[in-house]
Amino acid sequence: MHRNARRFSVTASLALALLAAAGCRSPLPAPAQPTPTQPTIGEQREATLFWSQAEREAGFRQMQALFPSDTAAAGTRVRPLPPGAPLTLPGGEVWLDAYMASHHIAGLMVLHRGQVRLERYGLDFGPEQHWESYSVAKSVTSTLLGIALAQGHLRSLEDPVSTYIPELAGSAYEGVTVGQLLTMTSGVRWNEDYADPQSDVAQMYLGPCVDGQAHALSYLRGLPRAHPPGSHWNYNTAETDLIGLVVERATGRPLAHYLSDTIWKPYGMAADATWIRDECDGSNTGGSGLSATLGDYARLGQFMLEGGRIDGQQVIAEAWMQGAVRGQDSEGAPERGYGYQWWTDPDGSYSAVGIFGQMVHIDPARELVIAQVAAWPRATSSELVAARRDMIQVVRQAVEAGP
């Protein structure tokens, strides 16, 4: 089947599932004719990069229904998010309504000193619903590795990746360390263009399963080296899938279950989260696929704001904390800064960021957390990113103005 025809087949079949799963949304287009073959889970997953606006707004809240997933169970103790004084935003409600509508924002929550200063929903989304986080999951996977390091499941960030994933021996990942995966400086060639259907990120889940290995593992084994390890930064979703495999193999637990045991239950998340499984080996894909409520994304930010502490005990390894939210000097590193799968800013704030507008922003100096879920009309663009940063600045101004 021609690739464009295959993409239409995948998108159309997903449209029917989305319509059934999200009856409150606008109808999605039905296929013009029956599809000759059933798309694989990998093909369906890659198709989400090319969904229409209606499909995104319906589908991002239903990923756990569309794809095989594991549950990160919440516990019986819920950490409260008490209300605080409502923020008075520059521009007021008119500005906020315009921002929400023009950027297809499903949810926006601001915590200041642990209190909810702003909570707003759009797109018929609500506080009990889940929303796909895309690469926000990268920051969570990295944090889980920091916890596994503290618990002794990993020896060091200097361990070769092949210590935990021996299938990479003899590949371009020979000699690459766990720490270099965390900083995305493996030096292995990779193209992360979400708009290009031929890019690596758009192809990584499309191939057949090979020897029961996760898609990312079998795909990455065949890539060449472009730079010496540790010398050059290059954003790579599949490598966070590798980090997820390191955590799963070191702990003997799926990412979702380890997340439940180490953060979700002990910190007091209010609702279960879900994490998509790879169709080939059943692992949770560390680079994306985590879905949770807006409130629990905000709690995740508060957990980080408090230094990764639960009941006064720091649960993340100090070696991880030292590099996680500090920008690096590697060639090609973004001007904004990138630590251990967290985007960093010169003022000490940092963010977990996902395509199509997902974000958990932590600002220690202002004791501020901002969580946003969205369905941007594009995966990313300079204009959309600038608008999100402008929103952060507006919230900062409101917090600094009092009361």
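Strand S10 (residues 350–354) is mostly covered, with five of its five residues buried. Here, buried means under 20% relative accessible area, exposed means over 50%, and partly exposed lies in between (1.4 Å probe, protein chains only). Strands (E, at least two residues) and helices (H or I, at least four) are DSSP runs, numbered from the N terminus. This is a predicted model, in which local features need pLDDT of at least 70 and side-chain atom pairs count only at pLDDT 80 or more, while totals for chains, interfaces and linings use all residues. Residues are numbered from 1 along each chain as its sequence is written, and side-chain values use heavy atoms, with hydrogens and water left out.

**The chain as a whole**

- The chain contains 14 helices and twelve strands.
- The radius of gyration of the chain is 20 Å, close to the 22 Å given by the globule rule for 403 residues, so the chain is as compact as a globular protein of that length. The radius is taken over C-alpha atoms, and the rule is 2.2 Å times the number of residues to the power 0.38.
- The C-alpha trace spans about 60 × 55 × 40 Å along its principal axes.
- Of the 403 residues, 58% count as buried.
- Among contacts (heavy atoms within 4.5 Å) with a separation of 6 or more, 70% are between residues 24 or more positions apart.
- The accessible surface comes to about 15300 Å², and 52% of this surface belongs to carbon and sulfur atoms. Areas come from the Shrake-Rupley method with a 1.4 Å probe; for residues, only the protein chains shown count as cover.
- There are 30 positive and 42 negative side chains, and the centres of the two sets lie 2 Å apart. Lys and Arg count as positive and Asp and Glu as negative, whereas His and the chain ends are not counted. The place of a charge is NZ of Lys, CZ of Arg, CG of Asp or CD of Glu.

**The six-stranded sheet**

- Six strands form an open sheet in the order S3-S2-S12-S11-S10-S9, with antiparallel pairing. Two strands pair if DSSP finds at least two bridges between them.
- Strands S3 and S9 are the edge strands, each pairing on one side only.
- Within S10, Tyr 350, Ala 352 and Gly 354 point one way, Ser 351 and Val 353 point the other way, and all are buried.
- On one side, S10 is joined to the antiparallel strand S9 (residues 343–344) by two bridges. Thr 344 stands opposite Tyr 350, and Trp 343 stands opposite Ser 351.
- S9 and S10 form a hairpin with five residues between them, and Gly 348 in the turn has a positive phi of about 95°.
- S10 also pairs with strand S11 (residues 358–363), in the antiparallel sense over five bridges. Here Tyr 350 stands opposite Ile 362.
- Strand S2 (residues 105–112) is joined to the antiparallel strand S3 (residues 115–121) by six bridges. The bridge partner of Gly 107 in S3 is Tyr 121.

**Two turn residues with positive phi**

- Most residues other than glycine have a negative phi.
- Phe 356 is not a glycine, yet its phi is positive, at about 65°. Phe 356 belongs to the hairpin of S10 and S11, which has three residues between the strands. At 2% relative accessibility, Phe 356 counts as buried.
- Arg 113 likewise has a positive phi, near 55°, in a residue other than glycine. Arg 113 belongs to the hairpin of S2 and S3, which has two residues between the strands. At 58% relative accessibility, Arg 113 counts as exposed.

**The four-stranded sheet**

- A further open sheet has four strands in the order S1-S5-S6-S4, with antiparallel pairing.
- Strand S1 (69–72) and strand S4 (131–132) stand at its edges, each with a single partner strand, so one side of each is left without a neighbour in the sheet.
- S4 and strand S6 (residues 290–292) run antiparallel and are joined by two bridges. Trp 131 stands opposite Ala 292 in S6.

**A buried helix residue**

- Gln 180 lies in helix H7 (residues 178–182) and is buried, with a relative accessible area of 17%.
- Leaving aside neighbours within four places in sequence, Gln 180 is in contact with Gly 175, Thr 185, Ser 186, Pro 229 and Gly 230.
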